[in-house]
Amino acid sequence: MTWRDAIVLARRSVGRRGGRAVLTVLSVALGAALLSSLLIASDSAKQRVLDQVSEGGPLSGIKVDAAAPSASALDSDNPRPGAARRIDDTALRRIAGLAQVSSVLPIIATPIIALPPTTLPAAAHATSKNDRPLFEAAVGIDLAHVSQLPVTVIAGRLPQPGSQTEIAVTVDFLQRLGVTNANSKALIGTDVMLGAPRVFKNGNERRNRARWTKAEIVGVVSQEAGNGLFVVSLDMARSDRAWTAAGAPIDGIDPDPSEYSALFVVAHGLDHVTQVRAEINGVGYSTSAPESLITQVQRYVHVVELVLAGIGSIGLTIAALGISNAMLAAIRERRREIGVLKAVGAADRDVRRVFLVEAGTLGFTGGLLGAGLGLLVARTLAAVVNRYLASQDLQTVHLGVPVALLASVVVGATVLALAAGTLPAIRAARMPARQAISDE
Amino acid sequence: MASPADVAADPNERAGVAVHATGLRFRYDTPEGELVVLDSIDFDVDAGSVVAITGASGSGKTTLLSVLGGLDRPHGGSVLIAGHDLAQLDRDEMARYRREVVGFVFQDFGLLGQLTALENVELALTFERVSRRQRRARARELLGAVGLGDRLGHRPRALSGGEKQRVAIARALANEPRLVLADEPTGNLDPVATAVVLDMLLRVPVDHGSTVLIVTHDDAIAARADRRMHLIGGRIASA
Amino acid sequence: MRRRRYSALAASLAVLLSGCSAHSRAASVLPATAAGPQETVVSIGGSATEGDGLRNRLQEAWPYLVFRNALPISTVFVNAALDDATATHALTLQVPVATELKPDLVEVWLGADDVAAATPIPTFTTALTELVTRLRVSTETRVLVADLPASFGTRAAPYNTAIRSVVVTTGAELVSLANASVTLAPEKGFAAQPDAAGHRALAAAFEKVITKSN
């Protein structure tokens, strides 16, 4: 008997006993739903925690400062940098050429004077006056490769790569204006005046003249790429920095001769972060990376994942036992049918195959339904949680569709059902062929 | 009368087979002790003949059919059919024997309720790894031959008793069996259906060359067989 | 009561689902801005142009008002003005800043500090002519020169005559403030400077010329 014939026969047999099949599938679906919703929740929690730790950037991200490494550079995730050291294109290329380095992105932080709009939209519900200039910094990043940087979009979007007229503002900027995260969207579309300062000296007299540009706020972000309230394109930061650097040193700000303020390096996986940091230190630059913290967090989260997966698996196992029980009962009822199958030539393996396929069909169907149900449950919970988070002015949760996880739940349910169906299938296969002709 | 040499002649030939049983014993183990159902019986059946097996309830006639069909293994003696000694076959060989040599017709039809008439007939070829197209063609042909060409898609519950038994006969013939075993084939049928089904069974040796053994209580049916084998208490009283 | 229970449930789920914090994509996302070519604008002037006397010069001084309200988003703007800048002063200290930027548009408002310093008219005329000529390094560069409004009194008249003649001889564009209501606010110990309303009037006058010629 081919697998295809066995599937057709099993499908018909399951369909004939609709009520029982529905109940059995439902029990598997509930078990699978419990497992998948717990796994989605734990996966989401893991992602959130790791996002928080890595500030939304890749877990294997390393920040390279424009400074020499200190003696204990590798003993800490965030060591104190040594003396200032210029980062130029040569250094960037050298670091990019190191083994196990996946990408290197330059960061340019530059001082900036910001003038927020004199009148903010009413929907922003700003609580602070905003008519004074803010003396802050803009952080220029490669906006074409933001996924490799510790930048998370909270509202709106990021500026277009190369744009001189679009910026994203940070949560700190919102706080300066007295705007909550929940109202941050109201700021999107408003204009800000940004001035790159430059000090002109005439004898002892110092005059500051800023190079002013206007920019539209297109998004709100959380970022750790550099210290500053504004995320801008590298081109914009470079123009502003060139203006500032051409002048005399600004009071209170160390002159920064470096071409780049910092680099953000991504290693080929968390396992290689220590090695890459050591090599960058060898090139002559101080590094920082939350590798120890991430490893510890991953360890703790893994324990939580195991516990939740265990709870879900218990549910699924109970459902699988239900399959076993239902099939044993079915075999008692179908002795005559088994006998007829054998009378018309079915070998033991054919009968075993039919019953295994039946069990697998129930498990697969239940797993599929359960995975969908689990996703629905997780999304419902996420909606409840998001309402709470929004009410507390916290950033909300985004649940994707974890296809691999859901597929593994379906596969798991099918495999468990097959395991549960093995004993009944063996028992059915061993039943005497005589059942076809007599109940003696 | 068949000789042992005849029954072992050519297991691949698609014609009726002779049956040669010697010292055939069968028993059931019951809580009260051993219950002998077939008590060292000897008999021969000629290839292509129709034999009626009669006897009172409990005389062992259904068990004899079960043993000859490879549904049960004899506990003693030998049964030679188509080159096989049924007492020596293991489970897989026994399944193969049933699949290739035997066709069954049951009193209560033995149709699977979840399958259509066409699929029930196809089922007999499913285990032979015959292609789906060939199976379907063969099943259509056989159902046409028993007058059910317009009932192919009907489930058993939508058929009358006589129609169900005609589907069962078509299924029994699907694998071109050399031995057709019928257990009270008209036991659940009205007189009209009985006549139709009996005519069909009696034509099997003529149309297909198979040997036919019919277990029956009905003397009228037994009278139409080539030969009658009467069992009393697990022994052949007359043959 | 029900609300509190709901909050407690949500809080406990939040611990599980949110970790510490999380993000979501905002529903409203702006389309990409189609910014035009970058244009550079420089303003040259004295105390008033720098915004002296205003509470918040970056928000209220006329060059910033023009920049914020009348110029495209792609504009780069530098206010090169300095306190007490006479035309001669501006030629020395402000023009180099402007020429470095290769401006597309220069807004000039000088004369007030020359009036205060009683700069001789020929000196003023020469310096202003030299200033405009050096700023117009390219025929593409627009140089807008404003005269002095009536609120500066009769002493301003010869300077206005000089300004108008320089505009004609150098091919600059005149921003006439003759009819502008540039009100002045007296400052203790210093010359009177335009108040916030005066700056709005100044900005309006410059905007009028900028947009008319565009």
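View 1. Strand 1 of chain B, residues 19-30, pairs with strand 2 in the antiparallel sense over nine bridges, where two strands pair if DSSP finds at least two bridges between them. Both strands belong to an open sheet of four strands in chain B, in the order 2-1-4-5 and with antiparallel pairing. Strand 2 (33-45) and strand 5 (84-85) of chain B stand at the edges with a single partner strand each, so one side of each has no neighbour in the sheet. Helix 2 of chain B, residues 61-68, lies across strand 1, strand 2 and strand 4 (76-81) of chain B, and runs at about 115° to strand 1 of chain B; axes are lines fitted to C-alpha atoms, for helices over the stretch in contact, and angles run from 0 to 180 degrees between N-to-C directions.

Residues are numbered from 1 along each chain as its sequence is written, while chains are lettered from A and ligands numbered from 1 in the order in which they are written. Because the model is predicted, local features need pLDDT of at least 70 and side-chain atom pairs count only at pLDDT 80 or more, whereas totals for chains, interfaces and linings use all residues.

**View 2. The open sheet of six strands in chain B.** The strands follow the order 6-7-8-3-9-10, and their pairing is mixed. Strand 6 (102-105) and strand 10 (235-238) of chain B are at the edges, each with a single partner strand, so one side of each is left without a neighbour in the sheet. From one strand to the next, the twist averages 25°. Strand 6 and strand 7 (residues 179-183) of chain B run parallel and are joined by four bridges, and Val105(B) stands opposite Ala182(B) in strand 7 of chain B. Helix 7 of chain B, residues 191-208, packs on this sheet and touches strand 3 (50-55), strand 7 and strand 8 (211-215) of chain B, its direction making about 160° with that of strand 8; two residues are in contact if their C-beta atoms, placed from the backbone, lie within 7 Å.

**View 3. Helix 5 of chain B and its buried face.** Arg135(B), Arg138(B), Ala139(B), Leu142(B) and Leu143(B) are buried in helix 5 of chain B, a residue being buried if 20 or more other C-beta atoms lie within 10 Å of its own, exposed if 12 or fewer, and partly exposed in between, with C-beta atoms placed from the backbone. Seen down the axis of helix 5 of chain B, these buried residues fall within an arc of 130°, so they line one face of the helix; the arc is that of the directions from the helix axis to the C-beta atoms. The face turned away from the buried side carries the exposed residues Arg133(B) and Gln134(B). Helix 4 (117-126) and helix 6 (161-173) of chain B are among what covers the buried residues of helix 5.

**View 4. Val121(B) in helix 4 of chain B.** Val121(B) counts as buried because it has 31 C-beta neighbours inside 10 Å. Leaving aside neighbours within four places in sequence, Val121(B) is in contact with residues including Ala139(B), Leu142(B) and Leu143(B).

Terms used:
Helix = DSSP H or I, 4+ residues; strand = E, 2+ residues; numbered from the N terminus.
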